[in-house]
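Student: I have the sequence and the structure open before me. May we work through them by question and answer?

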Amino acid sequence: MTFSIYYNKHPVKLTITAVGEHNALDAAAAFAVAHCAGFSDSEICNALKKYHPEGIRSNLTTWKNHKIYLDCYNANLESMKAAVNSLS
């Protein structure tokens, strides 16, 4: 998923392998924290590109030529809504 955020009035394009608005918001928050910690935009963007969900949470995988969105850890109403919204 690729999206843009505005930081210090400048657009920054972020790419993550996770899907869903909730993951985009998490990545934007991580960007802000890392920027405050002194990392450059390019260092942060490169690190976020390397992030890959593991296990059974927000994991997009392939099985026998079928794409599967695996998100079944600790399911509750809000997490299920976020998972379903990720498919749209």
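**Residues, a helix and the whole chain**

Student: In which strand is the place of Asn59?

Tutor: Helices (H or I, at least four residues) and strands (E, at least two) are DSSP runs, numbered from the N terminus. The strand that holds Asn59 covers residues 59-63 and is S3.

Student: Does Asn59 count as buried or exposed?

Tutor: This is a predicted model, in which local features need pLDDT of at least 70 and side-chain atom pairs count only at pLDDT 80 or more, while totals for chains, interfaces and linings use all residues. Residues are numbered from 1 along each chain as its sequence is written, and side-chain values use heavy atoms, with hydrogens and water left out. Buried means under 20% relative accessible area, exposed over 50%, and partly exposed in between (1.4 Å probe, protein chains only). Asn59 has a relative accessibility of 12%, so it counts as buried.

Student: With which residues is Asn59 in contact, leaving aside its neighbours within four places in sequence?

Tutor: Contact means heavy atoms within 4.5 Å. Under that condition, Asn59 is in contact with His52, Pro53, Glu54, Ile68, Tyr69 and Leu70.

Student: How far apart in space are Asn59 and Asp41, C-alpha to C-alpha?

Tutor: In sequence, Asn59 and Asp41 are 18 residues apart. In space, their C-alpha atoms are separated by 26 Å.

Student: Which residue forms a salt bridge with Lys81?

Tutor: Side chains of opposite charge can pair when their charged atoms come close. A salt bridge is a side-chain nitrogen of Lys or Arg within 4 Å of a carboxyl oxygen of Asp or Glu, and by this rule the count comes to 1. The closest N and O atoms are 3.6 Å apart, and the partner of Lys81 is Glu78.

Student: In which helix do Lys81 and Glu78 both lie?

Tutor: At 41% relative accessibility Lys81 counts as partly exposed, whereas Glu78, at 54%, counts as exposed. The two are 3 residues apart, about one turn of the helix. The helix covers residues 77-86 and is H3.

Student: Why do the buried residues of H3 line one face of the helix?

Tutor: The buried residues of H3 are Ser79, Ala82, Ala83 and Ser86. Seen down the axis of H3, the directions from the helix axis to the C-beta atoms of these residues define an arc. They line one face because they fall within an arc of 100°.

Student: Against which elements do the buried residues of H3 pack?

Tutor: The face turned away from the buried side of H3 carries the exposed residues Leu77, Val84 and Asn85. The buried residues of H3, by contrast, pack against H1 and strand S4 (66-70).

Student: Is the pair of rings of Tyr7 and Phe31 stacked or edge-to-face?

Tutor: Rings of Phe, Tyr and Trp (its six-membered ring) pair if their centres lie within 6.5 Å; planes under 30 degrees apart count as stacked, over 60 as edge-to-face and the rest as tilted. A search of the whole structure finds 1 aromatic pair. The ring centres of Tyr7 and Phe31 are 5.3 Å apart and their planes stand at 75°, so the pair is edge-to-face.

Student: In what order do the elements of the protein chain run from the N terminus on?

Tutor: The protein chain has 3 helices and 4 strands. From the N terminus on, their order is β-β-α-α-β-β-α.
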